[in-house]
Amino acid sequence: MSEPLVIVGKGMAATRLVDELSTRALGRHAIIVIGAEPRPAYNRVLLSSVLAGEVDPADIELKPAAWWRARGVTTLYGGAVASIDRAAKSVTLESGLRVAYSKLVLATGSHPIRLPTPGMTLPGVLTFRDLRDTDAMLAAARRGGRAVVIGGGLLGIEAAHGLARAGMRVTLVHLMDRLMERQLDARAADLLKRAIEAKGVTVLLGADTARVTGDTVATGLELKDGRVVPADLVVCAVGIRANADLARASGLAINRGVIVDAGMATSDQDIFALGECAEAGGVVYGLVEPAYEQARVLARRLAGDTRAAYAGSTPATNLKVSGVGVFSAGDFVGEGKETVQLDDAADGLYKKLVIDNARLVGAILIGDTRDALWYQELIRDNIDISAMRDDLIFGRALAMAA
Amino acid sequence: MMHGIAPRTVKTTCPYCGVGCGVAATPDGRGGAAIAGDVDHPANLGRLCSKGSALGETLALETRLLHPMMKGARVGWDVALDAVANGLRRVLDAHGPDAVAFYLSGQLLTEDYYIANKLMKGFIGSAHVDTNSRLCMASTVAGHKRALGSDTVPGCYEDLDRADLLVLTGSNAAWCHPVLHQRMMAAKARGARMIVIDPRGTETSEGADQHIALRHGTDGALFSGLFVYLADGGFLDRDFVAAHTRDFDAALARARSIAPDIDATARVCGLERVAVASFFETWARTPRVVTLFSQGVNQSVVGTDKVAAILNCHLATGRIGREGMGPFSLTGQPNAMGGREVGGLANQLAAHMGFEPENVERVGRFWNAPNMARTEGLKAVDMFDAIASGRVKALWIMGTNPAVSLPRADDIRAALRQLDLLVVSENVNSTDSTTPNAILLPATAWGEKDGTVTNSERRISRQRPFMPPAGEARPDWMIMRDVARRLGFAGFDYNEPADIFREHAALSTFENDGQRDFDLGPLATLDGEAYDALAPVQWPVRADGTGEKRLFAKGGFFTSDGRAKFIAIAPPDVAELSSAFPFILNTGRVRDQWHTMMRTGLSQRLGAHRPEPFVTVHPDDAARAGLVAGGLARVDSAHGAATLRVDIDGGQTPGTIFAPIHWNDETSGGGRVGALVHPLCDPFSGQPDSKATPANIAPVAFARAGFIAARHRFAPPAGFWAWRPVDGGFVATLETDADDAAILAALRSVGGDGDELTLRDEARGLFRAALLRDGRIEAIAFLGRARPIATFAMVADAFGAERLEGAARRALLAGRAAVADAGPLVCACFGVPLNTIQAAINAGAATPEAIGAATKAGTNCGSCLPELRRMTRALAPA
């Protein structure tokens, strides 16, 4: 008889885990997927494309219902898990439904962070996390007017761009002196800023939010230097926090996320975690690629491969703003390492590679990201690039033609 | 005035060396012209060398000076001419005629020269008119005049066809007079012997039967030894000596004291006895011998005596002015001879007359001149010393570049800044020899100029225009005429070159009556049409209008007693070396460049033969000095320094090094070899000794190497570089210590504020940058730390593209789109590079003819045949 495998969460990590399991150990587990949102799992990465009007919401569904059925997966959508009974090895839904598990996987994702400043809960203030947020932003955009997006990271830039595409006058405010400072160096950030501005977004750097103005609804954003940016819509996109609520309540070891070992097991060997809620090797990843890698490892483990181990991911970022390719991976600063830089700012192009000991260890691509995956592989697989060193920065086709 | 401009073929004369080849130019109607050899011209019979063949590539206006300039700003002609006249007047009033000087060029036409000489020596009243011919032919002029009584080349080119022995001394004719060299090689093929006397192995010596690699500066001793051998061996023409010469005994006695026999000659000249004996015996027993000489003889502290030593041998045997025999000076410039005819040198007055009182009086009468110069003026080197010391306050330079070509070139440049008035008449908008305060006057260039030139065999040919003047350029004669008129001088009412030529011819025959060799009598009455149609003719011109091929076979020298004079020469003067400067620096030309490259530097084909200034070193010297082939060397003398590419060649005499003269500070970094040359001059001719400067050589290295290219030449960062033309611009190999910022700043100086593309890889020392405007490359640089260095071939296609975008733009700094470098150009006419020739040899081509059949290399001008011959030997597959 199949062991009951309960997956809490139905996002991209959970979907990929099911996919991996179904190829490695189809039928070994009786899989039950529990999701709080009432709709099928969708590709969260494409929310900004939906916002930008480039993709229809219906098209971002990850897998159709038939796909789940074909794999014998039981899906329980529209009800969150209220608690875990580790001793009884069961979870209880808010509806009261108890579901027993042999193995439990937490794929609960993350919460968007709202700044702890006044006015953040006023109507007209949104985060940018799920399809509901996207729907609300699109609705606001249809009314026109002005929007302020707080946060010059990946999500904030995509939100700002999407709102501008949707017809709003958008100001992007960012605390730091450059955009995407955790993924880009100053040169790349500057090019990105110019590209974003060329798309009609006003960018304010070094802008520290004091509060959202307005009594009953948000009317704008006040900065600590006293400037006020009027706005009909405020989007707070300053980051995410791992959703470890259930784990915490269940007494699992947590830090910034649910702590997992190389086999993706939590402090309870029958409970696993992956994706944005998990902290693996001390790192909580906020990106989809590490979640997929974790899903692959966990699926092998659950299929009985005890050697499968997750050794961490090379963080890689792809910005999805049409016409503004941005990619960052690995050690993009390259302090004390060799760097190669190709700069054609007028053409919106900038590339930086960081090389250490004949290995590519980091990369930034602005403008032309066609070879992003290749660079990511070279970094991940620790390939000796000596033979193509001089052509590496010009991309795969040229370097491999050597 | 501009007769002959028509969209049809115009017969004119090449503006380069003194061979004076006829050129048939057919304008293409787009500012260019198709160039071919004139089959009817007796100097070349249709042949052209690589430089002449490429004339069509040098007609673009990009580097031309197109309007008058004062203090760097454009002005109208009237303003400029007034300023020149007023400036001259001020200096004349304050300091007198002695404070005014003209420095002219062997590239001026005879008509230009005539006006300059007349204006100066008859009206301004100074004889400070000298020319760059001082660097070229002055020792021959002095040598001819001392021995023959006149500056006369006794023979003609046909003698080369008729000779049984051709002796070249101090001449790399294969590179410097290629068309004549081909003619001599044809004679050799018919059975004539060729002996080359040169301390340096050259393309010319490669093709000869014998190469006599004598010690620098000992040519006089060698010919003294020959003189003695002729006398002692009974080879003299005693009748000729008795009837037509004087001072034989004294000259022979002096020769005997210098080189009494073969052994002594061999010792002095640093030669094997057998080489000397065989040369003497061959020369003595071959009546039909032509001894050709050029800069190796002239550019020497004993140049005039070297000429004398050669003439002594020909006079002693009566081998002068007879078919297939005679001494033969090869002239370096297209119209050095015309300048000499006019008298455009400080130690000549006019029309082969000197400063004897009766000549001064005669010319003064002819010109109706108010203010005749009565004594010799300052020769080039002295002239610039006088400028430096403040004695000369006003200088007018026409068509030459003394701050590159004169010895101690750095001092010349400094001296120019001392002047109250500097006027520069030029084709190009920038030479090294200007200052910020100079008045720049745009002169017409070859293809626009209208007048006559004279070649090495005394043959006067027309240079005819086939294009309109560029911009506001005017002929030099017209510019000087208008200044003369502004100065209030009468006698400058010329309307066209024919007016001037008639007066020049009239002066040559004025009260001549056979007293002077230079006589154009019948040409003094040419009308405009006849002048336009003038066929090449040798002087002296006979009454029937035909020219004299040869002079002096029956005596008739232009001395007071009609006898030629044997000269007792000074012993050889060998350069003094020290431990600080242990090498002898020899200078000269390369095949495909001419002078300071103002014209040849614009031709792509010509730039590919020897793209960089180099120094040739013997392998033993190179090993001792730590020099490697293809590396860089710093060459120092007491006067300056140059940085040059090292060329190691077993043909170079140990203890000597050779560097070409062509590069200046606009075309190269550190390649201006003139800065090193010592200012020692021949005591008779005042010609500088450019062939034997004591020097030192040491390896030098820069941190990074690569190339730079741009649409226009610009000043790259400090280091070693040399521009050469490519499609759509110029490229230079660059070796430098400059950092990325300095390189980028240099690119911006030419590329402006275009799009900047950069590639930096500090760990590899790599820096590549390009400036693009509207997608087109304005300037580009590839620099790295190590060899193999980046070459222009990597980006040649992209550089040629009108617009780079997408993948092509993104791959630009990869430099990967292009094919492998094909190696240096060997055949300039057909653009055949080394690797193509190597491939032909590998495929079995064993002779230059076979290579020619396979690749066309060497089948046009033949200039590269010696190189091909050497390659068939050196590169033959094992």
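Colleague: Which residue is the bridge partner of A:Asp343 in β31(B)?

Modeller: B:Thr758 is the partner of A:Asp343 there. Bear in mind that this is a predicted model.

Colleague: What makes β23 of chain A and β31(B) a pair?

Modeller: At least two bridges are needed for two strands to pair. Strand β23 (residues 338–344) of chain A is joined to β31(B) by five bridges. The call therefore meets the criterion. The two strands run antiparallel.

Colleague: How many residues does each chain give to the contact?

Modeller: Chain B gives 15 residues and chain A gives 15 residues. On the chain B side, β31 (755–761) and α28 (806–810) each supply two or more. The largest share, seven residues, comes from β31(B). By class, that side of chain B has six nonpolar, one polar and eight charged residues.

Colleague: Now to chain A itself. Why does its radius of gyration agree with a compact globule?

Modeller: The globule rule is 2.2 Å times the number of residues to the power 0.38. For 402 residues a compact globule would come near 21 Å, and chain A has 22 Å, so the two agree. The C-alpha atoms fill a box of roughly 65 × 65 × 35 Å along the principal axes. Of the 402 residues, 49% count as buried. Chain A has 10 helices and 25 strands.

Colleague: Which domains does the assignment give for chain A?

Modeller: Domain 1 is 3–111 + 241–302, domain 2 is 125–236 and domain 3 is 323–400. The centres of domain 2 and domain 3 of chain A, taken over C-alpha atoms, are 29 Å apart. Their contact takes nine residues from domain 2 and 12 residues from domain 3. The domain 2 side has six nonpolar, one polar and two charged residues.

Colleague: What is the sense of the pairing between β11 and β12(A)?

Modeller: Strand β11 (residues 169–173) of chain A pairs with β12(A) in the parallel sense, over four bridges. A:Val173 stands opposite A:Leu204 in β12(A).

Colleague: Which residues make up the covered face of β12 of chain A, and which the uncovered one?

Modeller: A:Val201 and A:Val203 form the covered face of strand β12 (residues 201–204). A:Thr202 and A:Leu204 form the uncovered face. Side chains in a regular strand alternate between the two faces of the sheet.

Conventions:
Residues are numbered from 1 along each chain as its sequence is written. Chains are lettered from A and ligands numbered from 1 in the order in which they are written. This is a predicted model: local features need pLDDT of at least 70, side-chain atom pairs count only at pLDDT 80 or more; totals for chains, interfaces and linings use all residues. A residue is buried if 20 or more other C-beta atoms lie within 10 Å of its own, exposed if 12 or fewer, and partly exposed in between; C-beta atoms are placed from the backbone. Domain bounds come from an automatic or database domain assignment. Two residues are in contact if their C-beta atoms, placed from the backbone, lie within 7 Å. Ala, Val, Leu, Ile, Met, Phe, Trp, Tyr, Cys and Pro count as nonpolar, Asp, Glu, Lys and Arg as charged, and the others, Gly among them, as polar.
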